[in-house]
Structure formats: structure tokens, C-alpha cells
Amino acid sequence: MNTKQCPSCGSTNIYQESATVYRCGDCFDRLPTGSMVDLPPPKVYGTQQKSETNPLGNWKNLITGIVVVWVVLGSSVFTYFKNLQLSQGNSEEETTTIKIDPNLESIEINPEGEFQFTTPIPDGIGNIYIVGKFTNKSGQTLLMPKFTVDLLNEEGTIVGSNEGYAEKNVVSDGESVIFQVLAEKAPNFSNFETKVTATTIPDDQKRPELVLKEIDFKRNAYKEIKLVGKIKNKGMTTANFTRITCLLIDKQNKTIDYGSISLEKEDFLPKESLNFEINFARAKKIPDSYYCETDSILKENINQ
């Protein structure tokens, strides 16, 4: 029987991944071209014909083998050190030092603003996600706002402190942003306090002009709440790594679920529109309201 075997782990659990590619079902290694490797042929016990011994021929074979081994080892060592030098040279070339303009006068502040929909949401395995929306009212543009959540017991003592960041890296004055803070294996707490710090930057950052529209709610095949809509690039520049994040809100203005997706299409072209959907596993009913936002970065112009 012609049994097929993985050359890496010896498993015979082989499956065909595509028309020309086979893969091991145990170690998931991709098998060489030609699909699979045969096991060695079974041994046959019985009379075998032996070639006559030639001492001179044996010595010649031994010397030839030693020469071949030395040539192979020498070539391998030379290639290894050559590649090592090349990799070191490439790493040095790729290392770039970004100088900070001292005239920017960036400072770290505790920006004034408004918190909304801030709610702790458990994940079922002992962790808590504190999510919400923050509106920047500091009069300045913020870079990478950092949110700190202190968990308090009934006496007002801090029993846990955790940090997280906003979904957007740059938040202009008057702009809102969703944040999320993870408290792993959160202790018992009765209240919490949320603070924000950020670095200020000049308000001249070029950003993609994106808009969300035609948002509606449906249910997917698993009876989960599904938010569907369209996103449009209103600007004249190409956006990269576009992300959409939404909060589902109840009558008490509490977040009952949150979710986010990234567009599969990396280059979001000017004036282009795309459909999107976000599934929410926690929400059991259509929310009373929602808050959605989107963010991306401008595609770098390689001609500049």
C-alpha cells in the first residue's frame, strides 16, 4: 500500500488544500511540490546479491565523500555569513530617526471634555471592558488620547486601575472619539472614575474626509443584531486602513454593546462608496440609539 507521510512530523494525516498544494493535518506544514512524500519501501527479507569488495575503490569513495562534505560545509558557512552581513546592513539602512520640531510646542495636558455612554461591559470570563465616548472641548487638537479608569469599592478606595486608548490617533477640538479600556480579571467594584490625558499638536493635520450613511439594523443568521451601512470617501485623497467603530445605546444612555471592523480594501479611493456591516453578539434587541465613527490615514504619495 502506498502510504503518504509528512516529511516534518511523519504524520499520514494529509489533505489537499488546493489544486497543487497539500498540507499536513497535524503540524500544518505545507508539503513540497509534488504533493506528498512516500514512506520508504518495505524491507524484503531473503537472499540478496552483494557486490564484491574493492579496497581501493572504498578508499577513493571515502576521500571523495570527505571532499564533497567540506565543499558543501564551506559554501554553507560562507553563504550564512554573507546573508548575516547583508541583513545587518539592511537593518541599519531601514533605521530612521525622526526629529521632533521644537517649534511645535507640544505638551501633555488633561483636556477638558465630555464623557457619554461610559459603561462597564463584562466579557463572560472575568474581564471588564469600560467603553464610552469622549468629546474634546479643550480648544486644541489631541494626539493619542490615553484613558485611565480607576475602579472604586464602596468606601471610594481604588481597587484597580487600567489604561486604554481612543480609536482615533488624532482628535480635533469639538470632535468625539470612542475609547475602550480593558480591566483583566477585574476585582469587585461599586463605581469607577475615568480620566484622560493627551499630547497637543498643531491643528493642521490633513485627514481623509469620510462619511457614514444609510445605517440600519437587521439580524444575521444567528439572530444577532447586525448594523449595516455605507461609507463614502468625500475627499480627493486615497485613504488607507479605514476602520469603523460603533456603540449601541439604550434608553438610559448606557452602552449595551460595541464593535468595530476594518475595511478589507486597503486603498479607499476618492469619491468611492463601500457597504459595511458589524455584528453585535451581546445585544438582544434593536438599540434605542447608536454612535458610530470612522477613521483612517492618508495614503503616502511615493512621488513626493
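User: Which residues does Phe241 touch, not counting residues up to four places away in sequence?
Analyst: This is a predicted model, in which local features need pLDDT of at least 70 and side-chain atom pairs count only at pLDDT 80 or more, while totals for chains, interfaces and linings use all residues. Residues are numbered from 1 along each chain as its sequence is written, and side-chain values use heavy atoms, with hydrogens and water left out. Contact means heavy atoms within 4.5 Å, and with residues up to four places away in sequence not counted, Phe241 touches Glu266, Asp295, Ser296 and Ile297.

User: Does Phe241 count as buried or exposed?
Analyst: Phe241 is found in strand β15, which spans residues 239-249; helices (H or I, at least four residues) and strands (E, at least two) are DSSP runs, numbered from the N terminus. A residue is buried under 20% relative accessible area, exposed over 50%, and partly exposed in between, with a 1.4 Å probe and protein chains only. Because its relative accessibility is 54%, Phe241 counts as exposed.

User: The side chain of which residue is joined to that of Asp150 by a polar contact?
Analyst: Asp150 is found in strand β8, residues 141-152, and is buried because its relative accessible area is 5%. Leaving aside its neighbours within four places in sequence, Asp150 is in contact with several residues, including Ile158, Gly160, Asn191 and Lys195. A polar contact is a pair of N or O atoms within 3.5 Å; within protein, one atom must be able to donate a hydrogen and the other to accept it, and residues adjacent in sequence count only if both atoms are side-chain atoms. At 2.8 Å, such a contact joins the side chain of Asp150 to that of Ser161.

User: With which residue does Glu163 form a salt bridge?
Analyst: A salt bridge is a side-chain nitrogen of Lys or Arg within 4 Å of a carboxyl oxygen of Asp or Glu. The closest N and O atoms of the pair that includes Glu163 are 3.9 Å apart, and the pair links distant parts of the chain, strand β9 (residues 158-165) and strand β8, 17 residues apart. Glu163 counts as exposed at 52% relative accessibility, and its salt-bridge partner is Lys146.

User: Which residue meets Arg243 in a salt bridge between side chains?
Analyst: The salt bridge of Arg243 and Glu167 has an N to O distance of 3.4 Å. Arg243 lies in strand β15 and Glu167 in the loop between β9 and β10 (170-171), so the pair ties together parts that are 76 residues apart in sequence. The residue that meets Arg243 in this salt bridge is therefore Glu167.

User: Which residue meets Glu175 in a salt bridge between side chains?
Analyst: The side chains of Glu175 and Arg207 meet at 3.1 Å, N to O. Glu175 lies in the loop between β10 and β11 (176-183) and Arg207 in the loop between β12 (191-201) and β13 (210-219), so the pair ties together parts 32 residues apart in sequence. Salt bridges that share partners join Lys168, Glu175, Arg207 and Asp295 into one network. In this pair, the partner of Glu175 is Arg207.
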